[in-house]
Amino acid sequence: MYDILIYPYIPRSPEEKSGYIVEYDPRAASAGETSTSAQQASPKHPTPTIISMMKRYILRSKVRVRDVTENWDVWAIWGSSLPQSVNDVARPDDWRWGRSGAVEPIYRDAERAPVDRVEAKIWLLGQDSQSEPSGTEAIWMVDRRAPGMGIRALLPKGAKPTSSENVASSDEYTLHRIKLGVPEGVDDIPTQDSFPMDANMDMMGGGDADPFGAVTPPPQTAVQASWLSESPRPRPRAPGKLLSSTSGGYALALLRLEALKAAEAGEMKLFVTGADNQPINISPRRPAWWPSETKEEEWTE
């Protein structure tokens, strides 16, 4: 499984064709090599680059795949200065539980104010962006992986959003998404070594709740980085594993649900071993936007 974001691409000139731009973590693999995470799990199975993998499935379809890394920069924009319509549209109105316990967000977009795309574009590129040539346009979308993630945007190489005078570091972005419980990239979603429910793909709108249950085994459960379904026959194993972390003491951790509940009830202590081989206590916290757990008989049939 690759961790990807897909942007619809509208042609900028008559010579271009419509299509999609796929954003993914380039550390997943390079030609003929395995990624660090995948190598630890399956050294005999090299991870293909996403382009070579996609070409395997094109067959005779009239689809062209090419690398456009040199054409675009990726920006994540968040904070209270975003248009209110952006923040509103990212919050689910309800949740639907599948037969297996996987859960998907429900958005009633017809009942809420739509995102003002002109306002958002001006916010991204400034007032003058309305009269600039099409080549300077941004490709963007509301990041609905979690309320508060803001906007994910592709800007032409070298272009900057109007808020670029307040650019955060990559570590600050990592801290931001960790606090919202959003896994990302090979550190949290090792290529070819992850299941959708390990990365909250269901809760972040990555697919229908029922197919998740059909293709996934009894899950591990997580603090700030997994789904909330209880395995009926948990097998003895370690309580979980540490994923992304920051120097400020925040991290994503993949935990079994019974371990999480025991820790929350004060019946179990969770810890990781530090560089000095000393235990570091962990206090699990579920993101506020997560849905409440439901009883099995309430799951959708």
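Predicted model: local features only at pLDDT ≥ 70, side-chain atom pairs only at ≥ 80, totals over all residues.
A polar contact is a pair of N or O atoms within 3.5 Å; within protein, one must be able to donate a hydrogen and the other to accept it.

The side chain of Glu 184 reaches the side chain of Arg 145 in a polar contact of 2.9 Å. Glu 184 sits in the loop that runs between α5 (170-179) and α6 (185-188). Its relative accessibility is 16%, so Glu 184 counts as buried, because buried means under 20% relative accessible area. Beyond its neighbours within four places in sequence, Glu 184 is in contact with Asp 3, Arg 145, Arg 152, Tyr 173, Arg 177 and Ile 189. A network of salt bridges links Glu 184 with Glu 23, Asp 143, Arg 145 and Arg 152.

Side chains of opposite charge can pair when their charged atoms come close. The structure holds 10 salt bridges, including these:

| Pair | N to O distance |
|---|---|
| Lys 157 and Asp 73 | 3.0 Å |
| Arg 96 and Glu 104 | 2.6 Å |
| Glu 258 and Arg 256 | 2.8 Å |

The Lys 157 and Asp 73 salt bridge links distant parts of the chain, 84 residues apart: Lys 157 is in the loop between β7 (151-156) and α5, and Asp 73 is in strand β3 (residues 72-77). Lys 157 is partly exposed at 44% relative accessibility, and Asp 73 is partly exposed at 22%. Elsewhere, Glu 258 is partly exposed at 35%, while Arg 256 is buried at 4%. Glu 104 is buried at 12%.

Finally, the surface: Ile 4, Ile 6 and Tyr 20 make a nonpolar patch of about 320 Å². Tyr 20 belongs to strand β2 (residues 19-24) and is exposed, with a relative accessible area of 63%.

Note on methods. Residues numbered from 1 in each chain as written. Heavy atoms only, no water. Helix = DSSP H or I, 4+ residues; strand = E, 2+ residues; numbered from the N terminus. Buried < 20%, exposed > 50% of the residue type's maximum accessible area, 1.4 Å probe, protein only. Contact = heavy atoms within 4.5 Å. Patch = residues over 30% accessible without salt bridge, like charges linked within 9 Å, V, L, I, M, F, W, Y side chains within 5 Å. Areas by Shrake-Rupley, 256 points an atom, 1.4 Å probe, with all protein chains shown as cover. Salt bridge = Lys/Arg side-chain N within 4 Å of Asp/Glu carboxyl O.
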